[in-house]
Amino acid sequence: MTVSIWQSNHPSSRDVDLLIVGAGLAGTSAALHARAEGLTVVITDQADVAQGASGRNAGFMITGLDTFAHRAVEKYGEEQTRDLWHLSADTIAFWWQVVDAAGGSVQADRRGSLLLAESEAEAEELYRAAQQLHKMGLPAIWHERDPLGRGYCAAVEQPNDGAVNPVQLCEAMLAQSGAELIGGNEVYSVQQDGDRVTVLTRKHTFKARYVLLCTNAYSPLLHPYFGDKVTPTRAQVLVTEPLPASVIEACGYSDYGYMYYRMTFDGRFLLGGARHHYREQEHDTTEDRLNPRVQAKLDEYLARRFPDVTAPVARRWAGIMGFSVDGLPMVGTLPAMDRVGFAVGFTGHGLSMGAMTTKRALAKLLHGAHAGAVDAGRFYK
Ligand SMILES: Cc1cc2nc3c(=O)[nH]c(=O)nc-3n(C[C@H](O)[C@H](O)[C@H](O)COP(=O)(O)OP(=O)(O)OC[C@H]3O[C@@H](n4cnc5c(N)ncnc54)[C@H](O)[C@@H]3O)c2cc1C
């Protein structure tokens, strides 16, 4: 990102304790955590609340990551996996607190999730994942047969999971935080001088005590530090017109997480995923557009697994996720800028990991606390 002398040349600056960049799940949850610190908080977003991935996702609050739990142990180690899965369970518990405090303005329910096996090989993997979940003290019910009767091979049920309207969730967190939101205000540059951070934006120059970047997929555009650590990755979704009756009571998740589906709160069928069929086209892009090939794969899947869903498709959309290089969220401060923190790289799991990751990001930024398995210090070992 560069900026001309005419785009941001404000004669006076505005002081703020904490400036959060990005008004998605990460930024609004960070603002809510910051309230307990007694800081004046401003959130700035180039668009508006929940206009990035946070307003385009499937609304699944699923415990875990994009890797099955036993595979995570192989990849990250036993202790880190335990930390990550409990961070996820705590994040979902946090969303429920927000939903309860919102007094009915956030649509959400605890319908649970079903991790479904598309093949015998995936069933084997799911069985081992369930064993690992039990070992970590997390609830998981093993189904040896397809609980949906739709040709899946087996399933793991996670009863504490649920679905939420993600836009309403972000709006509720913004309201509950008391933070000021400045929309339509792109951040052009962030520079720390001594203990003050100067932030050039479209409408203001800020002098902040602290800055927290919650810019996920767009982070590499803002600072080169993220260039080799966060890759923008596109995802595709479709939603039908309302159905006469529900066809699935849980959040369904299969093909190693590449396919996901549920009923919406107004009785439509939502289906997303299929990115893995055209990986190279959906990788390394911030372009918000439909990919007809991926959308055709969604249509095919709908016809094969849910032939009883005959209602026409009402809307199709895309969204841009921030994939980290090792699949884990990243919390830290920028090189040579200890007052500029970040919580990014949710790798398609912001509703699974968001709230407790941003809590750790704030603790790191304000108090120097280590962020556990999501600490970006792992890249420098
Ligand atoms: C189709 C789809 C389905 C998904 N389904 C699920 C799901 O079911 N469950 C789940 O857990 N996760 C899901 N995800 C992932 C989830 O949506 C993300 O992990 C989460 O929204 C990340 O939140 P965020 O706040 O970090 O990012 P975002 O919501 O993308 O927010 C980043 C914000 O930063 C702003 N910004 C960026 N750069 C600047 C700048 N320079 N100046 C000012 N503002 C800036 C952007 O405008 C944006 O609002 C899905 C994602 C997609 C796209």
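**Close-up 1. Ala154 and the residues it touches.** Leaving aside residues up to four places away in sequence, Ala154 is in contact (heavy atoms within 4.5 Å) with Leu115, Leu116, Ala117, Ala123, Leu126, Trp142, His143, Glu144 and Arg145. You'll find Ala154 in the loop between strand 6 (141-143) and strand 7; helices (H or I, at least four residues) and strands (E, at least two) are DSSP runs, numbered from the N terminus. Its relative accessible area is 1%, so Ala154 is buried; buried means under 20% relative accessible area, exposed over 50%, and partly exposed in between, with a 1.4 Å probe and protein chains only. One of the contacts, Leu126, is 28 residues from Ala154 along the chain, and their C-alpha atoms are 7.9 Å apart. Bear in mind that this is a predicted model, where local features need pLDDT of at least 70, side-chain atom pairs count only at pLDDT 80 or more, and totals for chains, interfaces and linings use all residues. Residues are numbered from 1 along each chain as its sequence is written, and side-chain values use heavy atoms, with hydrogens and water left out.

**Close-up 2. Strand 5 and its two partners.** Strand 5 (residues 113-116) pairs with strand 7 (residues 155-158) through four bridges, running antiparallel, and with strand 14 (residues 251-254) through four bridges, running parallel. Pairing here takes at least two bridges found by DSSP between the two strands. Leu115 sits opposite Val156 in strand 7, while Leu114 has Gly252 of strand 14 as its bridge partner. Side chains in a regular strand alternate between the two faces of the sheet. In strand 5, Ser113 and Leu115 point one way, Leu114 and Leu116 point the other way, and all are buried.

Close-up 3. How many cavities of 30 Å³ or more does a search of the whole structure find? The search turns up one. On a 1 Å grid over the protein atoms alone, a cavity is a set of points where a 1.4 Å probe fits but cannot get out; lining residues have an atom within 4 Å of a point. The largest cavity has a volume of about 100 Å³, and of its 13 lining residues, Thr63, Leu65, Phe68, Trp85 and Leu115 are the closest to its centre. A volume is the space filled by probe spheres set on the points, and grid points are joined across faces, edges and corners. The lining of this largest cavity divides into nine nonpolar, four polar and no charged residues. Here Ala, Val, Leu, Ile, Met, Phe, Trp, Tyr, Cys and Pro count as nonpolar, Asp, Glu, Lys and Arg as charged, and the others, Gly among them, as polar.

**Close-up 4. The second largest pocket.** This pocket has a volume of about 480 Å³. Of the 20 residues lining the second largest pocket, Asn165, Val239, Thr264, Leu270 and Trp317 are the closest to its centre. A pocket is an open set of points with protein on both sides within 12 Å along at least five of seven lines. Helix 5 (166-177) and strand 17 (313-324) are the elements that each give two or more residues to the lining; strand 17 has the largest share, three residues. The lining of the second largest pocket divides into nine nonpolar, six polar and five charged residues.

Close-up 5. The twelve residues of helix 5 should span 16 Å at 1.5 Å a residue, and the end C-alpha atoms are 16 Å apart, which agrees; the expected span is 1.5 Å times one less than the number of residues. Pro166, Leu169, Cys170, Ala172, Met173, Leu174, Gln176 and Ser177 are buried in helix 5. Those buried residues pack against helix 1 (25-35), strand 2 (41-44), helix 3 (78-101), strand 8 (162-164), strand 9 (180-182) and helix 9 (350-367).

**Close-up 6. Two alanines with positive phi.** Neither is a glycine, yet Ala274 has a positive phi of about 70° and Ala336 has one of about 60°. Ala274 lies in the loop between strand 16 (269-273) and helix 7 (279-282), and Ala336 in the loop between strand 18 (330-334) and strand 19 (337-344). Which is buried and which is exposed? Ala274 has 1% relative accessibility, so it counts as buried, whereas Ala336, at 82%, counts as exposed.
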